[in-house]
Amino acid sequence: MTTRLLLTVLVVANVATALAVVHARHRHRVLFVEASRLEKARDELNIDFGRLQLEQATWAESNRIDQVARDRLGMKFPEGAEIVVIRP
């Protein structure tokens, strides 16, 4: 009788272990797909960030700021006679 009980316990343990392996492999595949998706999103964000840095550098370039100040705001460098030095 104990041999039969031991055999039953071993079969149940074997089935439980097989189910645990199937579950672990499925979980691994799901997590791998998620990690791949997140890596792709990260790469796309890095590309966008590089583009934004380039755009920011372009907009902040001193020559461009000078040109916009002259064209849109009518600004110019003051002449020597227009400069006033104020001392405390």
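Let me start with Arg-70, which counts as partly exposed because its relative accessibility is 36%; buried means under 20% relative accessible area, exposed over 50%, and partly exposed in between, with a 1.4 Å probe and protein chains only. Please note that this is a predicted model, in which local features need pLDDT of at least 70 and side-chain atom pairs count only at pLDDT 80 or more, while totals for chains, interfaces and linings use all residues. Residues are numbered from 1 along each chain as its sequence is written, and side-chain values use heavy atoms, with hydrogens and water left out.

What does Arg-70 form a salt bridge with? The partner is Asp-66, with the closest N and O atoms 3.1 Å apart; a salt bridge here is a side-chain nitrogen of Lys or Arg within 4 Å of a carboxyl oxygen of Asp or Glu. Both residues lie in helix H2, 4 residues apart, about one turn of the helix; helices are DSSP runs (H or I, at least four residues), numbered from the N terminus. Asp-66 is partly exposed as well, at 31% relative accessibility.

The whole structure holds 5 salt bridges. Among them is the pair Lys-76 and Glu-82, whose closest N and O atoms are 3.4 Å apart. Lys-76 is exposed at 53% relative accessibility, whereas Glu-82 is partly exposed at 45%.

Finally, I turn to Gly-74, in the segment after helix H2 (62-71). Gly-74 counts as exposed, at 57% relative accessibility. Between Gly-74 and Val-22 there are 73 Å in space, C-alpha to C-alpha, and they are 52 residues apart in sequence.

Terms used:
Helices (H or I, at least four residues) and strands (E, at least two) are DSSP runs, numbered from the N terminus.
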